[in-house]
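Let's take a friendly walk through this model, one part at a time. Keep the structure open beside the text as you read.

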Amino acid sequence: MDFQYKSPTFVSIVLCAILVAGMSAFNSAHSAEVKPAETQNAQPVTDCFESRIGYSSVTRVENANPKYGYPNVKCSQSTGAVLWWADPFEGTIPMGDMPEISDDTRGDFANAVVKPRQPQLMYFNMGPNGCESCHEGKTVRYPKDTKPRLIGMHQDIVENSLKLMHGRGALWCLNCHSANHRNNLIDRQGNLLSFNQPQKLCGGCHGDIYIDWRAGIHGKRIGSWATGSKKRWWVCTECHNPHTVQVARFNRLKPEPPPPLPRGMKNADYERAGEAKH
Amino acid sequence: MSEEKIIDLKDEDELRQGRRDFLKHVCTSSAAALVLTTTPSEAVDSASNPDADATVAEYFQGHFLLMSEEEKLKAIARLEKRYSAKYMKKTTVANTPAPDGVLFGYALDIGKCIGCRRCVHACVKENNQSRNDPEVQWIQVMKMPKGNIAFTADQLDKGYPEKSEFGDYGVQVGGNAYKTAGLSTEDAQNYYNDELVPDKDFFYMPVQCQQCEKPPCVKACPVRATFRDHAGVVLIDYNWCIGCRMCQLACPYHARRFNWGEPNLPAEEMNPKTHYFGNRPRMRGVMEKCTFCAQRTREGRNPACQEACPVGARKFGNLLDPNSDVRQVLATKRVFRFKEEAGTYPKFFYYIG
Amino acid sequence: MKTALSFAMDFGSYAIKGGTKYYAWLLFLGFFILVGSYTAYLQFTQGLIVTGATDQITLESFFASFVFTAHVAAAAVLVVAPGYLYHRKDMKELAVIGEIVAMVFVATGITFVLFHMGRPDRTWHIMPGIGYMNFPNSMLAYDTIVLNVYLILNMIGVVYMLYKKYVGKFEAKQLAIWFKPIVFLAIAWGPLIHIVTAFVLASNARIGSWHTAVLPFAFLSMAGASGPALIILLFLLIRKNTKLVINDSVIDLMTTIIAWSLGIIILVFAAETFTLLYPGTEHASSLRYTMFGHNGLNMYVVWFWGVMVAIVGSFVALLFSKVRRSYDRLLPLVCFVVFVAILTEKPMVLVFPAFSPTPLGEYAEYHVTLIEFFNVLFVWAIGFLSLTLILKGAIGILTGEVRHDKSAVASQSGA
């Protein structure tokens, strides 16, 4: 349908031919361009995930905000990733107490909220009392030897449990998981920490990242942009899996579809052609 | 900025007041006839629309910024009525002013960006772009080769001039000379369609409107349909734009998009919470672009692209507030502006965190 | 008032009278106007999506054609200036033809701009008073002003000169005192519209290949070639088919101007090419793409070299006096080649390839659609139709076949 630009001489010579071809082309062009695309009306994706698959999942609820008829989230048609939140604070709880830092780094957590991590943890939710459903000291005894060693725990449910590693093998399970309080994490001073507040544990070693995170320049925060107002913070384990940092730091993920090609262009192979040159 | 302010967006009753009786004195049948002769499409609209007078009134409305408060309310009421009817859901068109004492800025970490394009599509979900024919996206992600794949030993003796009596290989023209590496648009791929991202030999750089402090588009617009608001965001009055595309020619960031045809926005995908300068549905033949989600940011909430980013590479905030995320980035990271040499002074910063 | 009415009546009735060939030409144009009305309707109802323009290549053939009409309109002063500035007797009466060409081509250019606009129905937004003109900043605002002023100046000149001739008071002392300044202003305004049009393009830092100081020079030299080429063709046609006397000296002057202008075009091209290609910075990407293609995209290569061959070839041809004096064969051929070469240079070399690479490194090819192509022909057909009719009437007045004093016409035709 596209027509190479030709000089007026050409047109005057093949005038009639162009006319016949032209009029039919107009009609086809016309019908092609006003045709609405049915493909857009596919059913919305309901099983969605935030950030990465398996880290936290969300179910789309229609008309969650009756005022605008919004669903709670809008998800990608091709990947299922949550792209859009109607209410950024849906399902959040206050972050809880956070230690003050006495330099000029911001530590304003007054209006900080997080999505609790515990409901998202697969193994935590296998019993009514979390991990302590089994690890209560009787069904599974508390370990007496706390020296790092390779243990074959949970190979039935955790595929790669023998490969889990943090700090290139310098740390092992009980450095972070409390031996006697399995529903909690434990920091180096022996304080018990909630799974909802992993930042208190991670920050102990990863101080530079922790400072950036507190200042709002590492990690993700949504909600209000204004300082001091309500924000939903993403905590460490919403993006990072501390068990697999050495084996698979981040799994690669499926991208959203590319932009439309400029009208008239058949492909963008010239971009790839440049790559072959390297 | 309370939660209520973010979610419960506007006092709507205020806008309803202007709706009554405004049609009576605005239009005449002769004005309608003029519109009918000048634009066949408007004619179709007004013929099928029982409220043809409102169409005429919309046609003759002036620049939004030059309207009186009363006229603004009327214009907004007109639009809300039209959109609500067209998309079969109650649509609000806000006129929230930009906050005072705020200069909006953006920072994006290209060290973290993985090129997943979620920002691109979140933007489309929020901002009512035409979904297809034309498909409009305000953000475009460039995939650029890292240096590690650029240079190869077998290219050492390629190129011109060849090895000479001087013993060296002279100035390499060809061979390794023709290798781009790093932040260069030269070999950027905008249409990459990989199975998985990020590609280890590439990095990614999303580009959208850079909200320049010295915007060449504002300078180029012959009718001032595009302008900078006092929070530093460049906006467009879609009802004032004449579609000459001089701004698109002037923009060194390829940030502006044109509605080449009638926008194709399915009613069920339409976002009914809109702003006059933000995401309200556009018409054929006008320019549009990123507004930092005027409908959100003017009411305290982050832009849609910032919320969609899965790796937290996007930071938005007030450049005048030393504690804002953006200012923290500027203070502690190495930032740069894209195409600094264009002399546009963007408020969109890139950094490698 | 009565005289004015009879002027209009006589002018109009003479303009629509002619031989078979004349009507065939009008019919030929009418055909394109007919087809174009439909395609224009499609464009104005569906939007610019019916053209090949995209966000990557945002200017279509309309804008390219507009630049070309500005070429010709600016060049028309080359017919007016010799008569008024150098007092060449053989050209003084022909000045009005130059002004007619300028008037028609500016009007055609403005029509092209209307086709280029996404919302032509909102044109009133740029009118000061009812709309808002971003005057000191926007180059398009300047262009709007200079084009419309040029149109008005030439309309005044054409109507006034023809009217004076019509009533038989054409001697220098019978012309009004305000007329001469208008003519001189129009002469100065011709290059001005062109320089401003060049600045409309050159002001965009985004597009590297226009962001150059030679652009106005390139435009003026192209105007100097394409305008006189058209005017020579017109003069040769007029001389052959009407009683109007046009001396060889007039045509020789135009030929000289074309030759010089072609020489300057070649210099400007060479200078630009050298300046970009030798250092080989990123600014050369667009020119390299036009000249040699990019990774398999090489649509413009053949157009670039074709235009270059045509321009250099015409320049060389015009160095031979045998060609210059071949008024009925070689010269019109060369003029036609120059005209067509610069006409095609506009979209295929100046405008479309300049958009690649885009600021984000995209390369794109522009595919003109049929609807767009017929819309371009539509505007051209309207332009040439008006040119034909106005020139025809004007020739009637210049030759004295149309004049207010009817007895004089009778005596002349009787004689």
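What percentage of the 353 residues in chain B is buried? Buried residues make up 53% of chain B, where buried stands for 20 or more other C-beta atoms within 10 Å of a residue's own, exposed for 12 or fewer, and partly exposed for anything in between, with C-beta atoms placed from the backbone.

## Before you start

This is a predicted model, in which local features need pLDDT of at least 70 and side-chain atom pairs count only at pLDDT 80 or more, while totals for chains, interfaces and linings use all residues. Residues are numbered from 1 along each chain as its sequence is written, and chains are lettered from A and ligands numbered from 1 in the order in which they are written.

## Chain B overall

Chain B holds 12 helices and 12 strands; these are DSSP runs numbered from the N terminus, with at least four residues of H or I for a helix and at least two of E for a strand. Of the contacts in chain B between residues at least 6 apart in sequence, 68% join residues at least 24 apart. A contact here means that the C-beta atoms of two residues, placed from the backbone, lie within 7 Å.

Helix 5 of chain B (residues 52–59) is largely enclosed by the rest of the structure, because six of its eight residues are buried. Those buried residues are Ala52(B), Asp53(B), Ala54(B), Thr55(B), Val56(B) and Tyr59(B).

## A four-stranded sheet in chain B

Four strands of chain B form an open sheet in the order 10-2-12-11, with mixed pairing. Strands pair if DSSP finds at least two bridges between them. Strand 10 (314–318) and strand 11 (335–336) of chain B are at the edges with a single partner strand each, so one side of each has no neighbour in the sheet.

Strand 2 (residues 104–109) of chain B runs antiparallel to strand 10 of chain B, and five bridges join the two. Look for Tyr106(B), which stands opposite Phe316(B) in strand 10. Helix 12 (residues 325–332) of chain B lies across strands 2, 10, 11 and 12 (348–351) of that chain, at about 110° to strand 10. This angle is taken between N-to-C directions on a scale from 0 to 180 degrees, using lines fitted to C-alpha atoms, for helices over the stretch in contact.

## Where chain A meets chain B

In this interface, 48 residues of chain A are in contact with 64 residues of chain B. Strand 4 (82–85), strand 9 (221–223) and helix 6 (269–276) of chain A each supply at least two residues to the chain A side. Strand 4 of chain A gives the most, with three residues.

Strand 4 of chain A also has a partner: three bridges join it to strand 3 (residues 73–75) of chain A, and the two run antiparallel. Cys75(A) stands opposite Val82(A) in strand 4 of chain A. Six residues lie between the strands of this hairpin, in which Gly80(A) takes a positive phi near 85°.

## Where chain B meets chain C

This contact takes 46 residues from chain B and 39 residues from chain C. Helix 9 of chain B brings the largest share of the chain B side, four residues. By class, the chain B side has 24 nonpolar, 12 polar and 10 charged residues. Ala, Val, Leu, Ile, Met, Phe, Trp, Tyr, Cys and Pro count as nonpolar, Asp, Glu, Lys and Arg as charged, and the others, Gly among them, as polar.
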